[in-house]
Amino acid sequence: MPATKFGQPCWEAGNIAKVISTVAQLDAEYIDYFLATHAPIKHIRHDETQELLNEEQFFLELMKPSRGEVLAVVHGDPGTGKSHLIHWLKLRCEDGLTRQELSNLAPVLIQRRTGSLKDALEQMIQQLPQDFAHYLTPVKSALEKISDLTARDKLVGELYLELATRRADRGRAPLPRHLRYLPQVCGGSTGFRQWLCREAGVIDRVIKLLTQQSEVDEREGLPSFVEQEFNLTEARYRNKARNTDEVYGLIEDFLDEPSLREEAASYFNEVLPDAVKEMTGLAGTRLRDVFDQIRADLRRQGKELALFIEDVSVMSALDEEVFVALEPQKRQGLCRMIAVVGVTNQGWNRLPHNQKQRVTYPVSIGGQMTDEWCRDPRSVAEFTARYLNALRLPPQDVGAIAHHRRNGRDVTISACERCPVREECHGIFGAVEIENLDVGLFPLTNSAPQRLLSNLQEHLRDRRNQRGLLAHILQPILDKGHEDLEAETFPNFPMAVESPPPTYWTGFEERFCGGWNPGDKKRLKFLAQFWVEARDTDEAVEKLQPFLEPLGFREFSAAAAIKPVSPRQATVEKREQKTTQETPQQAEREKLNELLHNLDKWMAGDVLVGDPEARGMLADLIRKAMPWDDHSFPPLEVWKTLLGEGSNYKFINIEGMRSKLVGTKFSIRFERTKETRDLLEALAQYQYAGARSWNFPHGELHKRTVAAWVRKHSEEIIGQLQPPNVLDTRAPVAGAVQFLATYALIGRRAKLPQELPELVKTLLADGQDELPAALSKEWKSLVEDLRIRRPEIRRFLLRELDIPQGRKAREINFINPLPIIQEAAAYTSDPKISPPGDEYHQDFWQTRYDVFEKAGRYSDLAAALDLERLAISDLVERIASSLHTAGYSAGNLPEALANYCADLAEVLQALRKAKFPVPDKDFDELIRRKVFVERREVWMTAIREAQEAAEAEDLMSVMLFDPKNLQEASVCLTVAEKYRSVLEREVEAKLRHIEQEGDPDQLAAELLQSLEAIAAITADK
């Protein structure tokens, strides 16, 4: 189909399906297209000799009569041409029979088609003559078993036999005692059996593999049982009524022990292949017997059998049986068989060593050869040209090429020979020479097929081969591209390729695509990525210019879009053009390419791969480019906490990035927008193209991109580091001053200094280690909490009032004291603590104000001090009660305490005089320390101050009162009172003894006199 206009499609869209297929088709209507597009396979490597053969040499080697029985295996990765080679061998065989080069040969081909065992067996039946039908009864029977609706149940039944009675027959060790009832899960227990047969279970997937279409990677092995298959949690299957007691016990054990489930799965996997073979009816030597019977009959007819199996993986679990059936034999009465079997590398490696040894001709294709082919633009272009040529030709010309190719020739007709725009088209889009004929590559170029194939997306990495070129490159380009060429919008469809945009592209667009619509820019960028190879802007302009008219682009803009904003800038840019290279060093270029590539994929909706690098650049920009020093906030410590330093980028949150935010509640979010993408590209160009400078081509453009972004977003970014307007940052400062003032008062037990320097110094002084005394439980708890919190509250206040000398300051040297002075003055007139509310402990501000977390109880400081006042009053009452019990009037409590201490001294003197010791450890220690003498005045003062604090109504009096001395007095009085009680009992006991025994001598009289004196002292009180 010649083009009517240069740039219009030169093929019929309806012919694409005939020409391009990822599976070699040998139906009659497709054979000519197969031959016309088939690229000769030149690198077939013999595994043992490492000899390289082309396809014709390989065919002749197989057909040599001297070789006798032949079992050839062609192995390679999927998509490398195994099926094409085997199809070509079948066609070459038929051509040899037609030209009488071969005779008495019966060729049979089993194609992959749906990839099921059922389909493969049906093909074998259909291709053999009708008079062989009686030999195929076992195969037909196998098909019926596979097709049966109860196939799942039959397979479970075979599993039961393999786990039970057949286990010993196959020489397998008995099941362990704790799994001795495992076969029964496939037997009498309907619950577990139905669970195994459920939809989407392993059994169901095995049956579908045998009967339905599947991919080659799915057929590399049978589905495997996993431990979850034995984790029976659904009530309808685990019902006790539907399972035997033994199986129900197993179900319970499985639920408790995952390791037991794994062990059960391993036993099932061990017997599954044998169960499948028995279920199909083709186990053991049955398949081989069928082949032997067919070969015996062919021998009687004087024929030989040539069997071509495109992909043995379609035989699923029977692949080993197929190799057994096809292995060379020396038995009399069987015809010679030439068997060629295709198998993936994985399937080949899975074969037992003894079976590999029976293969007479193992060869491989693909591998390193495919990799080399994929990297060779000319080889890929030739492969592509054959398909393009067949697509453009009418059927009769395709048939003519196929006829010549059967005779060993190559492409003999080029559709381009009759094209009126041939010269212009080949000059722009390119052509390859095959058999002295030029075949054009329109709408591709000589390098485009290979560049596209090499850049298939990562998930298609294993498709970078011939099949991948057809399925993911040529088919969409010729199908969807047909409409685009007609509409002059080629290429304008998604493709499964990815490649970094040229590093020069942003500047290129600015200079040469001014006024272009986004769609045309995108199309041209795609051509720059894959159709041409240019190192810089000038080379790109030169190479892309010829494509503009035929593909419907407008002309490049006459004037560059980047214009110097000043004469000085024009001079700078001129100097840059002389002193900089267009491209960075190779290592930096690769990093830049990768990052730009990831950005393009991200803009298309994918996750942002390699985001740490992008986040690092944004973090560096935020820290260094924002005018932080023009603002008094946030505090430097907060700034460092939120923004980090060096390589820390955890606060950067890019929409769609692969990484997850971890360890931070604060983040600066960058949306998936063109503005963000342009900013990231500009930073990447600065990093790699300019080696952390703007001195590179188009550097000024990218510099302006960054500068514009900073100007636009500075206030917004800086504001994000401040709490929202509803949170007053002065309130936490006031709370901190109140905390420190309260602790200073109760620590000093004195009012705050009036001199301002001394006031600030007092509030910010290092805290004392000794805990201030407190009486009530509530006040004691608050005082202890205050002592613990004080260092961090002090640090918080310094941090909030810090006046940093640059963002790199390591310590606090200057603060603004005014808020401390103001808040301290307010506190003196109204002592209270107002900690920040719960709203300050949400989101990332919790980090800044976490020192106040759970400080809400300080809000009711007055209530705590009222309880402390009450505790002071109670302690005074206890002292008064102790003195009253001892016989002293509590009207003047300090005076009563003084009299008590004086009388106590007289008692002690009388005891010493009477030589009447009454030991008491606690009291003796107090006497040793002379507390009742030396501490009496202190106690009297403490009682007077306590009475004043208890009666006062202001909070300050309570905070200024130190209850330590009052507590001491109370404790000492309690010890003295206990001693006095003991002493009274001892004196009374001694007096009674003396009265009963009489006074024998003068010593007794003196003792009695002393005791009576003590008694009198104590009685008078």
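Contact, in these legends, means heavy atoms within 4.5 Å. This is a predicted model, where local features need pLDDT of at least 70 and side-chain atom pairs count only at pLDDT 80 or more, while totals for chains, interfaces and linings use all residues. Residues are numbered from 1 along each chain as its sequence is written, and side-chain values use heavy atoms, with hydrogens and water left out.

View 1. I654 sits in β10, which covers residues 652–654; helices (H or I, at least four residues) and strands (E, at least two) are DSSP runs, numbered from the N terminus. Setting aside neighbours within four places in sequence, I654 is in contact with W602, L608, A614, R615, L618 and F670. Take L608: 46 residues separate it from I654 in sequence, and the two are 8.3 Å apart, C-alpha to C-alpha. Is I654 buried or exposed? With 1% relative accessibility, I654 counts as buried; the cut-offs are under 20% relative accessible area for buried, over 50% for exposed, and partly exposed in between (1.4 Å probe, protein chains only).

**View 2. The whole chain, for orientation.** The protein chain comes to 45 helices and eleven strands. Of its 1021 residues, 52% count as buried. Among contacts with a separation of 6 or more, 73% are between residues 24 or more positions apart. Mean pLDDT (the predictor's confidence in each residue, from 0 to 100) is 83 for the chain, and 86% of residues reach 70 or more. Go carefully with residues 558–583, where the pLDDT is below 50; this stretch has 38 contacts in the model beyond near neighbours in sequence.

**View 3. The largest pocket.** A pocket here is worked out on a 1 Å grid over the protein atoms alone: an open set of points where a 1.4 Å probe fits, with protein on both sides within 12 Å along at least five of seven lines, and lining residues have an atom within 4 Å of a point. The largest one holds about 1,200 Å³ of space; that volume is the space filled by probe spheres set on the points, which are joined across faces, edges and corners. Helices supplying at least two lining residues each include α24 (505–512), α25 (518–530), α28 (586–603), α31 (674–689) and α32 (699–720). By class, the lining has 17 nonpolar, ten polar and 14 charged residues. For that count, Ala, Val, Leu, Ile, Met, Phe, Trp, Tyr, Cys and Pro are nonpolar, Asp, Glu, Lys and Arg are charged, and the others, Gly among them, are polar.

**View 4. Two nonpolar cores.** A nonpolar core is a set of buried Ala, Val, Leu, Ile, Met, Phe, Trp, Tyr and Cys residues joined through side-chain atoms within 4.5 Å. The largest has 87 residues, and L763, W779, L797, L883, F932 and L966 have the most contacts inside it. Apart from this core lies another, of 74 residues, with F442, L456, F526 and L527 among them.

View 5. E382 is in helix α19 (residues 377–392), and its relative accessible area of 17% makes it buried. Residues up to four places away aside, E382 touches V432, E433 and I434. S414 is in the loop between α20 (395–406) and α21 (422–429) and is buried too, at 2% relative accessibility. Beyond its neighbours within four places, S414 is in contact with N389, L393, L437, D438 and V439.

View 6. Most residues other than glycine have a negative phi, and most peptide bonds are trans. The bond from F442 to P443 is cis, with omega near 10°, and P443 is in the loop between β9 (437–440) and α22 (448–454). F490 and P491 are also joined by a cis peptide bond, with omega about -10°. P491 is in the loop between α23 (466–486) and α24, and E488 lies in the loop between α23 and α24. E488 has a positive phi of about 55° although it is not a glycine, and is partly exposed at 31% relative accessibility. A691, in the loop between α31 and α32, has a positive phi of about 50° and is exposed, with a relative accessible area of 59%.
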